[in-house]
Amino acid sequence: MDAKEPRRREQRLGDDPGVPAAGEEMESAIRRLLAVTGASFERRAQLERALETRIEIEQAKGILAERFRLGLDDAFELLRTTARRERRPVHDVAQAVIDEPGTPAGVLATLDGGRPAGRLA
């Protein structure tokens with residue numbers, strides 16, 4: 001009798017028009033929950049990447065400010081202008097400043113462009 005009980009219950013659930021709707025609602029709610037959870041994980045990963053990028057840009061600004069006796073705003077303008085001239089993301093230029101033992105050629109070319117500090121853009 002126990003083996004037949006679940007079958008009868010399934011049949012009753014299938015026969016009742018209100019029960020499948022509840023099952024569909026639960027399935028829909030689970031899909032929404034999974035979508036929100038996935039979006040949350042994606043957003044967190046984006047924020048972590050943004051923070052890492054920001055840290056690298058700040059490091060590069062400090063390096064350039066020290067090497068060329070610039071203010072931090074001017075150092076950022078140097079990074080940004082170099083990135084625009086080379087059509088690269090600022091993060092890539094900043095990473096090059098950090099990784100290379102000397103100043104990257106693109107940064108030096110921007111400095112040699114004759115623009116006064118603060119007017120690099």
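Tutor: Let's start with a term: a residue is buried under 20% relative accessible area, exposed over 50%, and partly exposed in between, using a 1.4 Å probe and protein chains only. This is a predicted model, where local features need pLDDT of at least 70, side-chain atom pairs count only at pLDDT 80 or more, and totals for chains, interfaces and linings use all residues. Residues are numbered from 1 along each chain as its sequence is written, and side-chain values use heavy atoms, leaving out hydrogens and water.

Student: Why is arginine 87 called exposed?

Tutor: Its relative accessible area is 79%, and exposed means over 50%, so arginine 87 is exposed. Arginine 87 sits in the loop between helix 3 and helix 4.

Student: What makes the phi of arginine 87 worth a remark?

Tutor: Phi there is positive, about 55°, although arginine 87 is not a glycine. Arginine 69, in the loop between helix 2 (18-68) and helix 3, has a positive phi near 50°.

Student: Which residues of helix 3 and helix 4 meet?

Tutor: Contact means heavy atoms within 4.5 Å. Phe76, Leu79, Arg80, Thr82, Ala83 and Glu86 in helix 3 meet Val90, Val93, Ala94 and Val97 in helix 4.

Note on methods
Helix = DSSP H or I, 4+ residues; strand = E, 2+ residues; numbered from the N terminus.
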